[in-house]
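Okay, thanks for coming, everyone. Let me put the model up on the screen, and then I'll talk you through a few spots in it.

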Amino acid sequence: MQGCLFCGIAEGTVPAEIVWSDDEFVAFRDIDPQAPVHVLVIPRHHAPDLAALSATDAAQAGRLLAAVAAVAHGEGLDGGGYRTVLNTGVDGGQTVSHVHAHVLGGRQMMWPPG
Ligand code: AMP
Ligand code: ZN
């Protein structure tokens, strides 16, 4: 989508440190990491948030979670585990309106989040 930051990363017009990709998804390092491993996984095709993606392509929403697991495996997180976060809307703390899953690992995560 025109003007979307993460569409730009998926298309290669915005620089990012891409760690994994396939035909459908791209994974890249968060610019402001909150853990030793902090990767964002996005569908190449624009959807604003999880609610919209689930409504238009629930199967792709499911495959997004499989992509998360592939990324976590690639980052060496299978042993220690990891946290997966999908922020939706204002109360969810979403700041970029292109659906993305955070993959956080490499340290003990706290619960509940702030
Ligand atoms: P959220 O608050 O869930 O919408 O998460 C958006 C995330 O995108 C934040 O963790 C930001 O640090 C990250 N971010 C913003 N711009 C970039 C960028 N150009 N490259 C990589 N990560 C980014
Ligand atoms: Zn987009």
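Predicted model: local features only at pLDDT ≥ 70, side-chain atom pairs only at ≥ 80, totals over all residues.

Residues are numbered from 1 along each chain as its sequence is written, chains are lettered from A and ligands numbered from 1 in the order in which they are written, and side-chain values use heavy atoms, with hydrogens and water left out.

Which residues are the protein donors of the zinc ion, ligand 2? They're Cys-4 and Cys-7 through SG, plus His-46 and His-98 through ND1, at 2.1 to 2.3 Å from the zinc. By donor I mean an N, O or S atom within 2.8 Å of the metal, or 3.2 Å for Na, K and Ca; water is not among the atoms, so sites may look incomplete. Along the chain, the donor residues follow the spacing C-x2-C-x38-H-x51-H. Cys-4 sits in the segment before α1 (5–11) and His-98 in the loop between α4 (89–92) and β5 (101–105), so this pair ties together parts that are 94 residues apart in sequence. Helices here are DSSP runs of H or I with at least four residues, strands are runs of E with at least two, and both are numbered from the N terminus.

And the geometry? The arrangement is tetrahedral because the four donor atoms subtend angles of 106 to 116 degrees around the zinc. The cut-off for four donors to count as tetrahedral is that all angles lie between 85 and 135 degrees.

Are those cysteines buried or exposed? Cys-4 has 11% relative accessibility, so it counts as buried, and Cys-7 is buried at 2%. Buried is under 20% relative accessible area, exposed is over 50%, and partly exposed is in between, with a 1.4 Å probe and protein chains only. His-98 is buried as well. As for disulfides, meaning cysteine sulfur pairs within 2.5 Å, the structure holds zero.

Phe-6 is in helix α1 and Phe-28 in strand β2 (residues 25–29), so the pair ties together parts 22 residues apart in sequence. Both of these Phe residues are buried.

Now ligand 1. There are 16 residues around it, and Asp-30, Asn-87, Thr-95, His-100 and His-102 come nearest; "around" means a heavy atom within 4 Å. A polar side-chain atom of Asp-30 is 2.5 Å from an oxygen of the ligand. For His-100, a side-chain N or O atom is 2.9 Å from a ligand oxygen, and for His-102 that distance is 2.8 Å.

Last stop, the segment after β5, where you'll find Pro-112. The peptide bond from Trp-111 to Pro-112 is cis, with omega near 0 degrees. Most peptide bonds are trans. Met-109 is in the segment after β5 too, and Met-109 counts as buried at 15% relative accessibility.

That's my tour; questions, please.

Definitions and conventions: Tetrahedral: all angles 85-135°; square planar, octahedral: opposite > 155°, others 65-115°. Polar contact = N/O pair within 3.5 Å; in protein donor to acceptor, adjacent residues only side chain to side chain.
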